[in-house]
Amino acid sequence: PMQVRDWKLRTKQRVSFALIMLIMAAVHFYTIHKMRAINDELEDVSSNWLPRALAISDVSLSCASLRINQLKHALAPDADTRDHLTVVSIDQIDQINGSLDRYRELRIQAVALDRFAAEERQHYDAFDDAWDEYQDLSFSFYGLLAEGLTEEAVRLLHVDSEQAFPRLSESLEQLVALNQLESLQAAARASETFHST
């Protein structure tokens, strides 16, 4: 049987060249595959995780501002200040609902891609219940003020809302922390894939 050492020099060169080309092609396809994985991770971070974290952070900030404005409203010295604070607070509620709509859209995408953690669903459900309750209390608060029942409005704000708001804040903090963590983990995975490539 003919062995490799018996091949002509030209045949050996051609075979060696073909092997090198095969190895280079394999490395090339491997790199493309890894780069695609990096791109997918980065796309995930930029198109879903990060916008979701930002949307829920906006909700958290707006909820805190709403609570502060309601407390200011209860202590407002005159009708003009109260009217102004009512308009500002209603705008904030609209802003919160707008951010929640964005979050929900992104959440639907994440669920479809199987990237929505059970823990996040749990915190979101807790927040959603607390937010519905707090919104109802807020509108009752403004209704009492409109009827001139300031003392009852203040009581509602300090007693009933005082129980709902901490639950709202806690679930929001958990959601913000979880989304930030998941964004960082996705970025870390992309970085790890890049370094392994």
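Glu-182 counts as buried, at 10% relative accessibility (buried means under 20% relative accessible area, exposed over 50%, partly exposed in between, with a 1.4 Å probe and protein chains only). This is a predicted model, where local features need pLDDT of at least 70 and side-chain atom pairs count only at pLDDT 80 or more, while totals for chains, interfaces and linings use all residues. Residues are numbered from 1 along each chain as its sequence is written, and side-chain values use heavy atoms, with hydrogens and water left out.

Glu-182 sits in helix H4 (helices are DSSP runs of H or I with at least four residues, strands are E runs of at least two, and both are numbered from the N terminus). Leaving out residues up to four places away in sequence, Glu-182 touches Trp-49, Arg-52, Ala-117 and Glu-120, where contact means heavy atoms within 4.5 Å.

Which helix holds Glu-120? Glu-120 belongs to helix H3, and Glu-120 is buried because its relative accessible area is 0%. Setting aside neighbours within four places in sequence, Glu-120 is in contact with Trp-49, Arg-52, Tyr-103, Leu-175, Leu-178, Asn-179 and Glu-182.

With Tyr-103, the side chain of Glu-120 also makes a polar contact of 2.6 Å. A polar contact here is a pair of N or O atoms within 3.5 Å; within protein, one must be able to donate a hydrogen and the other to accept it, and residues adjacent in sequence count only if both atoms are side-chain atoms.

## How H2 meets H3

The axes of H2 and H3 come within 12 Å and cross at roughly 160 degrees, which means H2 is roughly antiparallel to H3. Axes are lines fitted to C-alpha atoms, for helices over the stretch in contact, with angles from 0 to 180 degrees between N-to-C directions. Angles under 35 degrees count as roughly parallel, over 145 as roughly antiparallel, 65 to 115 as roughly perpendicular and the rest as oblique.

The H2 residues that meet H3 include Ser-89, Leu-100 and Tyr-103, and among the H3 residues they face as a group are Glu-120, Phe-127, Trp-131 and Tyr-142.

## Ser-89 in H2

Ser-89 lies in helix H2 and is buried, with a relative accessible area of 0%. A polar atom of its side chain is 2.9 Å from the backbone oxygen of Leu-85. Beyond four places in sequence, Ser-89 touches Leu-66, Asn-69 and Tyr-142.

For contrast, take Ser-65 in helix H1: Ser-65 is partly exposed, at 26% relative accessible area.

## The nonpolar core

The largest nonpolar core has 29 residues, and Cys-63, Leu-100, Phe-127, Trp-131, Phe-141 and Leu-168 touch the most other members. Such a core is a set of buried Ala, Val, Leu, Ile, Met, Phe, Trp, Tyr and Cys residues joined through side-chain atoms within 4.5 Å. Helices H1 (9-74), H2 (79-112), H3 (118-146) and H4 (150-196) each supply at least two residues of this core, and H3 gives the largest share, 10 residues.

Take Leu-100: not counting residues up to four places away in sequence, Leu-100 touches Ile-56, Val-59, Tyr-124, Phe-127 and Trp-131.
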